[in-house]
Structures are given as C-alpha cells and as structure tokens.
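Student: I am new to this structure. Can you show me how to read its salt bridges?
Tutor: Let us look at it together.

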Amino acid sequence: MRWFENNTDKVVDLLLSHVWLSVVPIVLGFVIAVPIGWYANRHPRVRGVLLTMAGVLYTVPSLALFLILPSIIGTGFLDPLNVVVALTMYAVAIMARSASDAFGSVSPGVLDAATAAGFAPAGRAFQVELPLAGPVLVAGLRVVAVSTVSLVSVGALTGVNNLGSLFTEGYRTDNDAEILVGVIGIVALALVFDGLIVLAGRLLLPWSRSSRSTTRSPVSPIMSFAQHLRGGRV
Amino acid sequence: MIEYRSIGKTFADGTEAVGDFSLVLPSRTTTVFVGSSGCGKTTLLRMVNRMVDPSRGQVLIDDVDIATRNRVELRRSIGYVMQNAGLLPHRKVIDNVATVLRLNGVGKKEARDRSYAVLETVGLDTSLATKYPSQLSGGQQQRVGVARGLVSDPNILLMDEPFGAVDPIVREELQTELLRLQRDLDKTIVFVTHDIDEAFLLGDQVVILKKGGEVAQVGSPADILAAPADDFVRSFVGIDKGSRTLHVEERDGVRVVVDGTGKATGVLESS
C-alpha cells in the first residue's frame, strides 16, 4: 500500500471527479425518469414504446456511446460532458422502468380515496402518488447509483479522469497496487452511495417501514455492480 | 336534498350500469341503496360527488345541477367513506383526517385541533393519532375513515360499504356508533350496502335495487316489510325464508317471539 501513501493526493483528486461524474447523472437521470415513468404508467400504450426504447438504449455499449456522442452533441472527444450525458441516458433507461413500476405499485383504492377526498390532479400526483411510489423508486435509484458509479470508470478509456484511470494506468505500468486501489475505491464509493440512498429513503419515507419490514430492490445493487465489474457493460 | 332525475349510465365498454333512475333523497335522513353486486348502487353513490358522471339525466343538490359545479370543489364539500377506509398509508392518522380540512384551506393549527376533536367524536383514543394507518386494526381504520368524512362538517356524507370488510362484532359496533352520530349530527347520508339487515338498521329510506339500477322498491323498512312490492323484494328481504315472519308463543305465561323457522328470537313485553 506504499503506492497509495505516495499518491494520496492523486487518488483523492480522481475520487472527487468520480463522485462528480456519478452524482450528476444519477440526479439528472432520476429527475428526468420519474415524470416519464409516471406518464408511462398512466398510458399503457405509451408505456410499451417508452420502455422498449429505454431497453434498446441500454444495450448500446457505453464505450461506443462515449465515442459517438461528441459528433451528436458537438462536444470535444475528451470532454467529461460526454460521460455525463451518456450516463444520464443510461440512468434514465433503467430508472424509467423502475419509476413506471413504482407508480404502478400504488394502490388504486388509495388513489380513488384521495380523488374523492378532493385532491386536484397535480396535488394528488405530488402529495399522494410520488410519496407512495417512494419505496420502489428508492429501490430503482439504488441500482442506478451503483451501476453509474461503475460505468464512470469506463470513461477513463476516453481520457476522462476518474478512479477508472487507476485501472488504465496501472494496467499500462503493470502496477497491481494501483489497480487494487482503483477497485477498492470504486466499490467503497458505490457502497457509500447505496448507503446514503437507503438512509435518505428511511428519513423521507418513515411510514414504509411500519407497513413492510424491508424494502427490497428488484435487482440487488451489488449483483448488478458485480456484473459491470466483470465487464458486461464495456 | 339530493335528487336524481332520469339518470342513466353506460360505461365506455358498453355495459349499462344504470338504465333510468329517478329518486329524491330528503335532507337530514339516511338513504340506503341495497342490492347485489352489479345493481349499480356504487355507481349511483359516486354520481353525487362526480366520481362518476351520468351519461344521461341530472343529479341535483339543493336544486343545483352538480354538472355545473367544479368537481374538485364539490368533492371537498362532501364527506366520503369507503370500504377498507382508503386512508393514505404515508400519513399519520391525524394528518389523514386533517387532509380534507387542509384541502379546504383551513390553517394547520386549526385543522389539527378539529381533527383531534372529531377523532374523539368517532370514539377513537387520541393516542392513535400519531400512528400510521397500517398500525391500526381494521375497525380502527374504519373509524378514522368516518372521522375523515365528518371532519369538515359536510352536509352530505357518502358511505360506500364502509363496514363491509370488518368482522361482525366490530361491524355492529360501528353501525351503532353511526346511528348515535347521525342522531347528533343530522347529515344527509347516502349509504351503500349489500346487507339488507344493515340497510334496515341504518336507513330511513331504503332503496332495493335490481340489475341495472332498476328500483325494486323504495320505502321505510317498515313499509317494505309490511308490503313487499314483488317476489324479488320478498326473497331479498328474506320473508320467504321465514326469518322475518314472527309469531308469539306462550311459554309458562311468558310470550316468546318465534320466527318462521321455529327459532326463538326474543320475548314480547306488554307495553
């Protein structure tokens, strides 16, 4: 671990840029996907089209997307914006389906009662549907968070610096310690993000624990993370 | 006063829930729609707060056609209690009750105070106020549902099989409670049930419905028992089964009331 001690500043810099490159797509992806999911859930016909599009989008390899984007949105090849935009698209692709399921999980009886009590449509959407979709939204967001944290590292291949740069550099210089620091850093970051989301969910949705003992995500975030590490997405 | 004028309802898929229905529901009385499933009773109830709009005809409240009223505001002015209470699972009991007041623009503090008061009115321990609905029993949830329906002191209270999902003992308690409340509050109540005993217990005016909202008979429970309109009504209220036809037998000088099946149901006291 002497390598780490000698390069702490560099690792911290890379960590910070990794955090930044992850947080923006996660937040943007969530904010964009929730209304899409809400709309898709209300319109079954649109739902199929939207979710198929999202699924197809998700099959485009990330490296290819990083390289194609500059010619589409007019950025430079080394611009971190490419990574942010691409990962936001992936985040939307995963999250839209989760969000649609989340709104679908809200009991029709409760919505009916809310309407009968005199909620206007917008009030009902924000004060009833959104919070009640919360537990499933949180589960979806956890998957998005770990998947984004792991995908950011692919950006290193296009010259956007982040913890993934420790892989490329360590591979080039045959430095196992450097690669190991990169792996540990990314796993730790993913776990921190996951923990923060779970914590935020508990604080924002105190009622959900009184009705169900655990909120389980449809796909275990760690499993999907492991898949990415195996290179499934590169 | 609520008035249905030649109401009809055909749903988008072509099913006719109500054919041609007209009725006046007098103010400050309880009208019960009773019938088997598919008789349109819930559809008729939900027309009063525009949860369902009729395809034909008009619904009037105090001589105003409600089609001319904003549906959200109309709903806020009418209490609604449904089966399974329909409470918002993410809000505490007290906030569930206060919701209706807050929607009506009542301040936070006043809404809370009034909600606590109405919880007591419906016989709920105020220590339950800070619990979430899922932490309450079915009967308690239903009381919260009634509290929510009453909290804004509406003139009209709609109750859609409110006691259908609770066990018989709790149901009886809630029915008694509702009768007591109605004595004090004098609301215009529209109540839907498939249980004829509940209908006779709670209703000033009972409306027995056949398929498609066709009225089999309208009247007070006594009127219907005294002169059932046809065989359908006779069978629906259970006269043909014998449980409603009572006679008196003398046992050791006491007059015992016995039903048509030979089962003793009570003792007749001399007035």
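Student: Which side chains does Asp101(A) meet in a salt bridge?
Tutor: A salt bridge is a side-chain nitrogen of Lys or Arg within 4 Å of a carboxyl oxygen of Asp or Glu. Here, Asp101(A) pairs with Arg47(A), at 2.9 Å from N to O. The two belong to distant parts of the chain, 54 residues apart. Asp101(A) sits in helix α5 (residues 80–104) of chain A, and Arg47(A) in helix α3 (residues 44–59) of chain A. Helices (H or I, at least four residues) are DSSP runs, numbered from the N terminus.

Student: What kind of model and numbering am I reading?
Tutor: The model is predicted: local features need pLDDT of at least 70, side-chain atom pairs count only at pLDDT 80 or more, and totals for chains, interfaces and linings use all residues. Residues are numbered from 1 along each chain as its sequence is written, chains are lettered from A and ligands numbered from 1 in the order in which they are written, and side-chain values use heavy atoms, leaving out hydrogens and water.

Student: Is Asp101(A) buried or partly exposed?
Tutor: Buried means under 20% relative accessible area, exposed over 50%, and partly exposed in between (1.4 Å probe, protein chains only). Asp101(A) has 37% relative accessibility, so it counts as partly exposed.

Student: Which residue forms a salt bridge with Arg46(B)?
Tutor: Asp112(A) does, with the closest N and O atoms 2.8 Å apart. Arg46(B) lies in helix α1 (residues 41–47) of chain B and Asp112(A) in helix α6 (residues 108–117) of chain A, so this pair joins two chains. Arg46(B) counts as buried, because its relative accessibility is 15%.

Student: What about Asp95(B) and Arg112(B)?
Tutor: They form a salt bridge as well, with the closest N and O atoms 3.3 Å apart. Asp95(B) is in helix α3 (residues 93–103) of chain B, and Arg112(B) is in helix α4 (residues 108–121) of chain B, so the pair ties together parts 17 residues apart in sequence. Asp95(B) is partly exposed at 27% relative accessible area. Arg112(B) is partly exposed at 36% relative accessibility.

Student: Which residues are linked in a network of salt bridges?
Tutor: Arg143(B), Glu173(B), Glu177(B), Arg180(B) and Asp184(B) are.
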